Structure formats: structure tokens, C-alpha cells
Amino acid sequence: LKNISMKKKLYTAIGLMSGTSMDGVDLSIINSDGYHEFSNILDNYYEYDKKLKDQLLQVRDLVLTKEDLSQNSEKLREMERNLTLFHAEAVKESLKKYKDRIDLVGFHGQTILHNPREKITIQLGDGKLLSQIIKKKVIYDFRQADIQNNGQGAPLTPIFHYILSKQINLNFNIEFPIGFLNIGGIANVTKVNNNSDNFQNNLIAFDVGPGNCLIDEWVRNNSKQKFDENGELAKSGKVDSLVLNQAIDNFNINSYSQSLDIKNFDVSFARGLSLENGCATITNFTAYLISQGLKHISQKNSIIFLVCGGGRKNSNLINNIKNYLSDVNNINLDIIDNYNLNGDYIESQAFAFLAIRSFLNLPISFSTTTGCKEFTVGGKLVENF
């Protein structure tokens with residue numbers, strides 16, 4: 001009993017996250033005990049230079065199957081090295097601002113292939129090299145153990161969402177269940193039922209569909225822009241309902257037990273549409289899938305979903321989601337930034353938190369979040385200095 005009341009040791013960790021949009025690295029420094037205590041110290045974004053970004057997109061498009069991995073092994077090795085060096089520079093830059101001790105670094109790496117059915121998930125990032133350069137303990141390869149344990153390898157952020165939900169419940173008097181909608185390249189949802197530590201029954205999470213990936217791809221393929229800023233292109237276009245309904249019929253998610261990769265989707269259904277009309281139609285399609293996922297996870301509970309990730313800034317996408325939810329009155333959306341959190345850095349903070357849990361040999365994924373057989377401690381620790 002004495003142990004329960006004793007304060008647990010606090011660790012300071014850096015989290016490094018490069019998402020499916022492949023535009024740069026989010027870096028966060030947090031303080032946490034890996035259980036309940038969490039405070040955010042610093043957040044920074046380091047954008048990839050054009051050469052690295054183009055190289056990454058090219059490699060991602062080359063690698064669609066297991067065979068492609070071995071055929072492109074030289075390219076992948078070079079890419080991994082460049083990527084790791086970039087992350088090392090980001091860490092060095094951030095340590096000019098934060099001078100205190102860092103215990104751990106959570107290094108997610110860059111996903112280039114995610115296919116749980118074939119038990120494959122590849123994140124480029126050399127943990128040993130990073131540890132050697134920055135002279136810190138590094139935890140990396142977070143998804144592999146879950147995949148080996150028959151899980152989907154994603155989403156891994158729910159355990160961190162749980163910590164945030166406790167703070168939000170306390171500080172803002174928001175009732176459980178509390179939901180999180182992360183709109184990155186892929187969109188995923190988490191529902192935290194209550195503030196109990198029985199994660200297995202308390203956390204439900206899954207991927208619901210594309211987030212920004214289709215909109216970004218359409219804009220990149222059809223213009224000189226990289227994404228649809230604030231949904232302006234989609235706003236100026238008109239949804240082609242014939243194309244939209246066909247896309248919805250062709251891609252219906254019957255089960256949320258599979259995690260998704262951006263390669264599960266493509267924009268070919270919008271072929272022939274103008275830039276703006278294609279953007280409007282794809283945005284509406286994305287919103288439809290996200291809204292279906294929200295309805296599925298809320299199960300008639302009255303629930304607020306806090307929206308994080310880059311997609312929360314696309315007001316056209318958010319309005320489309322709200323339109324699709326207008327027939328239900330139990331779901332509310334709000335941006336997470338209204339709760340003293342920065343919606344751009346939830347995932348990088350999460351991987352700092354996951355690094356601490358992994359270091360303490362605590363589980364980071366559960367059957368109700370990734371579908372793994374039993375809860376799984378993920379991540380590999382390397383101390384190479």
C-alpha cells in the first residue's frame with residue numbers, strides 16, 4: 001500500500017514523429033512518470049528540405065510490397081541514414097533551447113510500408129545511429145511487437161489520449177466518455193470510457209479512413225500547391241454527387257478491425273474533375289468515412305470528440321463531417337486547442353510518453369486499441385554511446 005501513495009519517478013523524454021504527410025518532423029519534450037503525470041515542456045517543427053521530401057515520396061511510391069523492400073534495399077538504406085541525420089539535427093537544435101537532462105528519446109521514424117495482414121510494418125529510422133550521434137537512450141521500432149502479437153500495429157496514441165482525457169475531465173469538467181479524433185494522413189479515433197486504469201475495457205480505438213492523404217495527393221497531382229490550405233480549394237468547388245456516391249459504394253468499411261495505410265486509398269475515382277471540384281468531392285468523401293467511424297465508436301453515448309492533427313485546420317473538412325453528423329445529436333466536435341493543448345503536437349508528445357512506458361516495461365497497446373492478442377510492450381531500447 002505504501003507504494004501506491006509514493007510519487008513515481010518523473011522522466012524527461014523527447015518524442016519525434018514524422019507522419020504520413022512526409023513534410024517534416026514534430027518534436028516534443030515532455031515530463032511524465034509513464035502513468036498519470038504529464039506536462040509538456042517544448043514543441044517544435046522541423047520541415048524537411050525539398051530534396052529529402054522528394055526522395056521520401058519517391059521511395060514511398062516504390063515500396064508497395066514485401067518484394068519491393070529487398071529490391072530497393074540500397075535506396076532504403078541511404079534514405080534511412082539521411083532521415084536519421086535529419087532527426088539528429090532536430091534534436092540538437094531543440095537541446096539549444098532546453099538545457100536540462102533528457103532521459104529518453106522516442107523515435108517513431110517514417111512509415112513507408114504498413115501491411116498488418118502480412119505482418120509487415122516498416123518505419124525508416126536507425127535507432128542505433130541516432131543514439132550514437134545524440135548520445136541519448138533511444139527507443140524506436142514501436143509497432144513491430146504489436147504486429148507480431150497479431151495486432152494491427154496502430155493506432156498507438158490511445159494510451160496517451162487516456163492521460164489527456166483525465167486532465168481534460170479534471171480541468172474543464174468534461175464528462176466521460178471523452179473521444180479523440182486525430183486527422184493526420186489517416187484518421188483515427190479513440191474513446192476513453194471513464195478514468196479507470198483498466199485500459200483493456202476502458203480504451204477503444206481504430207482507424208476510420210483517410211484523413212488528409214487523399215486531399216493532399218489530389219492537390220499535389222493537380223496543382224503546384226502541397227495541400228488545400230484551410231479547405232479553400234474545396235470551398236470554391238462543387239461536389240460531384242455521382243462520383244461521390246460511387247466512391248462511397250465502392251469503399252465501404254464494414255469492420256474497423258484493420259488498421260489503414262495511405263496506400264489503401266487512391267484518388268483515381270475523381271479523375272476528370274477540375275482541381276476545385278475534385279477537391280470538394282474528395283473532401284466530402286473523406287468526411288463521410290470519418291463521420292461513419294465517429295458514429296460507430298460513439299455507440300449512442302453522448303460524447304465530445306477533440307480534434308487534433310493537421311486536418312483540424314481544414315474548416316471545409318470539419319464542416320463536411322459536422323454535416324454528416326447532423327442526423328445524430330449525441331456527438332460534438334471541438335478542437336483540442338481549446339483545452340490548453342496544441343493539436344499539432346499530440347502525436348510527438350505521445351511518442352515521448354510511449355518511450356517512457358516502454359522503458360518502464362509497461363504496455364502501450366491493447367486488444368481494444370490494436371487488436372493484439374494480449375497487451376503489448378512495444379519499442380526497442382538502444383544505448384549506443
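This is a predicted model: local features need pLDDT of at least 70, side-chain atom pairs count only at pLDDT 80 or more; totals for chains, interfaces and linings use all residues.
## Ile139 and its surroundings

Leaving aside neighbours within four places, its contacts are Leu104, Val105, Gly106, Phe107, Ala355, Ser358, Phe359, Gly379, Lys380 and Leu381. Ile139 belongs to strand β6. Its relative accessibility is 0%, so Ile139 counts as buried.

The C-alpha atoms of Ile139 and Arg312 are 29 Å apart. Along the chain, 173 residues separate Ile139 and Arg312.

Asp141 sits in the loop between β6 and α6. Its phi is positive, about 55 degrees, although Asp141 is not a glycine. Most residues other than glycine have a negative phi. Is Asp141 buried or exposed? At 18% relative accessibility, under the 20% cut-off, Asp141 counts as buried.

## Aromatic pairs

How many aromatic pairs does the count come to? The count is 12. One of them joins Phe142 and Phe351, edge-to-face, with 5.1 Å centre to centre and 75 degrees between the planes. Phe142 lies in the loop between β6 (138-140) and α6 (144-148), and Phe351 in helix α14 (residues 346-359), so the pair ties together parts that are 209 residues apart in sequence. Phe142 and Phe351 are both buried.

Phe38, Phe160 and Phe353 form a cluster linked by ring pairs.

Strands β2 (residues 24-32) and β3 (residues 38-47) pair in the antiparallel sense, over 9 bridges. Ser28 stands opposite Asp43 of β3. The two strands make a hairpin, with 5 residues between them. In the turn, Gly34 has a positive phi of about 80 degrees.

Gln110 is part of strand β4 (residues 104-115). Its relative accessibility is 0%, so Gln110 counts as buried. Beyond its neighbours within four places in sequence, Gln110 contacts Ser18, Gly19, Thr20, Met22, Tyr48, Leu56, Leu83, Ile122, Gln123 and Leu124.

Strands pair through backbone hydrogen bonds, either parallel or antiparallel. Here 5 strands form an open sheet with mixed pairing, in the order β9-β8-β7-β10-β11.

Strand β7 (residues 178-183) pairs with β10 (residues 303-308) in the parallel sense, over 5 bridges. Within this pairing, Ile178 stands opposite Ile304 of β10. Helix α7 (residues 158-172) packs on the sheet and touches β7, β8 (186-192), β9 and β10. Its direction makes about 130 degrees with that of β7. Helix α13 (residues 315-324) lies across β7, β10 and β11. α13 runs at about 135 degrees to β7.

## Helix α11: two faces

Which residues of α11 (residues 241-250) are buried? They are Val243, Leu244, Ala247 and Ile248. Seen down the axis of α11, these buried residues fall within an arc of 135 degrees, so they line one face of the helix. The cover over them includes α12 (275-298) and α13.

The face turned away from the buried side carries exposed residues: Leu242, Gln246, Asp249 and Asn250. At the start of α11, a side-chain oxygen of Asp240 comes to within 3.2 Å of the backbone nitrogen of Leu242.

## Backbone exceptions

Most peptide bonds are trans. Pro155 is placed in the loop between α6 and α7. Pro177 is placed in the loop between α7 and β7.

Gln299 has a positive phi of about 45 degrees, although Gln299 is not a glycine. Its place is the loop between α12 and β10. At 52% relative accessibility, Gln299 counts as exposed.

Key
Residues are numbered from 1 along each chain as its sequence is written. Side-chain values use heavy atoms; hydrogens and water are left out. Two strands pair if DSSP finds at least two bridges between them. Helices (H or I, at least four residues) and strands (E, at least two) are DSSP runs, numbered from the N terminus. Contact means heavy atoms within 4.5 Å. Axes are lines fitted to C-alpha atoms, for helices over the stretch in contact, and angles run from 0 to 180 degrees between N-to-C directions. Buried means under 20% relative accessible area, exposed over 50%, partly exposed in between (1.4 Å probe, protein chains only). The arc is that of the directions from the helix axis to the C-beta atoms. A polar contact is a pair of N or O atoms within 3.5 Å; within protein, one must be able to donate a hydrogen and the other to accept it, and residues adjacent in sequence count only if both atoms are side-chain atoms. Rings of Phe, Tyr and Trp (its six-membered ring) pair if their centres lie within 6.5 Å; planes under 30 degrees apart count as stacked, over 60 as edge-to-face and the rest as tilted.
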